[in-house]
Amino acid sequence: MEKHIEKFLNKVSLVFIAIATITLLYLSLQTPQTCIPPNTPTTKPHLKFPSSTCDPSLNHPYMDPTKKRLKLWSSKSWLSQVSSFTTFFQSLNLLNNETKVLCVSAGAGHEVMALNNMGVSDVTGVEIVDSLPLVKRADPNNLPFFDGVFDLAFSAHLEEALFPLRFAGEMERTVRNGGVCVVVVEECGGVEVDAIVGLFRKSMFVGAENVTLIGIRMTRIIMRVGVSSSSS
C-alpha cells in the first residue's frame, strides 16, 4: 500500500514540475504588457503597475552631447564669463588673427571660445580632463607639444598647480623666443609678484597689472620668453 502511495506522489510531483517548466517557458517568450511594440498606435496605451523597464517612458537617455554643449554655451553664466575673457584678451594688445595661443588648465574652455570669437583661429586649450571640442586632455606639467610652437601661452590657474615651477617651465618651453607667457593670479603685488616671476626662469618680466576677470579682482603678469630675468 505504501509503495502505491509513493508512486502516486512521484507522479504528482512530475506533473507539477512539467507544468512549472511549461509556464516558465511561456512567460519567457511573452512580451511584457507594459512594453510598447514597434507597431503600437500613436496614442500610448495605459500602463499598469508594476511597470516594465522596457517601457520607453521610463527610460532617461543622456542628452545628446551636441545639444548639451549648445545649452551650456547659451547659458547666461557661460556667456558672461566668455565676455569677461574677451575684454581681458583685448586689453593685452598682443593678439591678432594669426597668433598661435595655448591656454593651459583651460577648464571648460571659456577663454578658448573668447579667443575664437575674437578671430584668433589657432587656439589650443588643454586640461587634465577634456571638454571637447574646446579643450583637449593633456597634463599641464608635461605638455605634448614641441618647443616654441606657440606665440602666447595663457593660464588663470598657475596658483593651483601641484608643481608650479614645472607648470611655468612647460609654458615657457612651448612658446617661441620673443613670445609671451601671460598668467592671472589672485590679486597681489611686490613679493608675491616677484615669486611668480621667479618661476619663469627663461623669460623677462614685462609687467604686472591688477585686473577684473569673471568678476574677481586679479593680477595679470606678462613674461617675454627667451630673455633671462637675470640678464635684463
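Biologist: Where does Asn93 sit in this chain?

Modeller: Asn93 is in the loop between helix 3 (76-90) and strand 1 (101-104). Helices (H or I, at least four residues) and strands (E, at least two) are DSSP runs, numbered from the N terminus. This is a predicted model, where local features need pLDDT of at least 70, side-chain atom pairs count only at pLDDT 80 or more, and totals for chains, interfaces and linings use all residues. Residues are numbered from 1 along each chain as its sequence is written, and side-chain values use heavy atoms, with hydrogens and water left out.

Biologist: Why is Asn93 called exposed?

Modeller: Exposed means over 50% relative accessible area, buried under 20%, and partly exposed in between (1.4 Å probe, protein chains only). Asn93 comes out at 68%, so it counts as exposed.

Biologist: And what makes its backbone worth a look?

Modeller: Asn93 isn't a glycine, yet its phi is positive, about 55 degrees. Most residues other than glycine have a negative phi.

Biologist: Is Ser105 buried or exposed, and how do you know?

Modeller: Its relative accessible area is 8%, so Ser105 is buried. Ser105 lies in the loop between strand 1 and helix 4 (110-117), and this non-glycine also has a positive phi of about 55 degrees.

Biologist: What kind of peptide bond joins Leu132 to Pro133?

Modeller: A cis one, with omega near 5 degrees. Pro133 belongs to the loop between strand 2 (123-127) and strand 3 (135-137). Most peptide bonds are trans.

Biologist: How many disulfides are there?

Modeller: A disulfide is a pair of cysteine sulfur atoms within 2.5 Å, and the count by that rule is 0.
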